[in-house]
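Dear colleague,

Please find below the sequence and the structure that I am handing over to you. My notes on what was found follow directly after them.

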Amino acid sequence: MHDEPTGVRAALQSPERKRCPACQQVKHRADFSTTPAGLCSRCQDCKRATSRLASRRRQAAVRLLIAFHPEEYHALLRLVRGGSWSCLIERGAGDAA
Ligand SMILES: [Zn+2]
């Protein structure tokens, strides 16, 4: 019996293709972003999905923060609309966001 590579195994061994550890799919190298260190480990689809999820979590956290601290939120909104918020950033209030 010979241990001949199957189509999937051959695809995994191809230098033109790479397996994404997040979605387990073997994709073309063009489907992975490049960094100065080389190809990203995750494919672009998985990176986008991760980024989208992180963005939704941040939005949910901001909504909760506003719901729990409405007076502070509206006071800060008034400051920003008045254009005098640069003094807050200079004092380090911008670091809290
Ligand atoms: Zn993926």
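**Findings: cysteine 46 and helix 2**

Cysteine 46 has its place in helix 2, which covers residues 44–68. Helices (H or I, at least four residues) and strands (E, at least two) are DSSP runs, numbered from the N terminus. Please note that this is a predicted model, in which local features need pLDDT of at least 70 and side-chain atom pairs count only at pLDDT 80 or more, while totals for chains, interfaces and linings use all residues. Residues are numbered from 1 along each chain as its sequence is written.

By the definition applied, a residue is buried if 20 or more other C-beta atoms lie within 10 Å of its own, exposed if 12 or fewer, and partly exposed in between, with C-beta atoms placed from the backbone. Leaving out residues up to four places away in sequence, cysteine 46 touches Cys20, Ala22 and Cys23. Two residues are in contact if their C-beta atoms, placed from the backbone, lie within 7 Å. Between the C-alpha atoms of cysteine 46 and phenylalanine 32, which are 14 residues apart along the chain, the separation is 9.6 Å.

Lysine 47 also belongs to helix 2. Lysine 47 counts as partly exposed, because it has 16 C-beta neighbours inside 10 Å. Its contacts, apart from neighbours within four places in sequence, are Ser33, Cys40 and Arg42. The C-alpha atoms of lysine 47 and serine 33 are separated by 9.1 Å, and the two residues are 14 apart along the chain.

The expected span of a helix is 1.5 Å times one less than its number of residues. Helix 2 is hardly covered, as the count of buried residues in it is zero.

**The chain as a whole**

The chain has four helices and four strands, and from the N terminus on their order is α-β-β-β-β-α-α-α. Of its 97 residues, 3% count as buried. Among contacts between residues at least 6 apart in sequence, 5% join residues at least 24 apart.

**Other sites**

Proline 15 lies in the loop between helix 1 and strand 1. Proline 15 counts as exposed, because it has 6 C-beta neighbours inside 10 Å. Proline 15 and arginine 29 are 14 residues apart in sequence, and 8.3 Å apart in space from C-alpha to C-alpha.

Glutamine 24 is found in the loop between strand 1 (17–19) and strand 2 (26–28). With 7 C-beta neighbours inside 10 Å, glutamine 24 is exposed. Its phi is near 65°, a positive value in a residue other than glycine.

Helix 3 (residues 70–82) has 13 residues and reaches 18 Å from its first C-alpha to its last, close to the 18 Å expected. The number of buried residues in helix 3 is zero, so the helix lies largely in the open. Just after helix 3, glycine 83 takes a positive phi of about 80°.

**Confidence**

How confident is the predictor, and where is confidence lowest? pLDDT is the predictor's confidence in each residue, from 0 to 100. The chain has a mean pLDDT of 83, and 72% of its residues reach 70 or more. Confidence is lowest in helix 1 (residues 7–13), at a mean of 56, and highest in helix 2, at 98. Over residues 1–5, pLDDT stays under 50, and the model has two contacts beyond four places in sequence for them.

Yours sincerely
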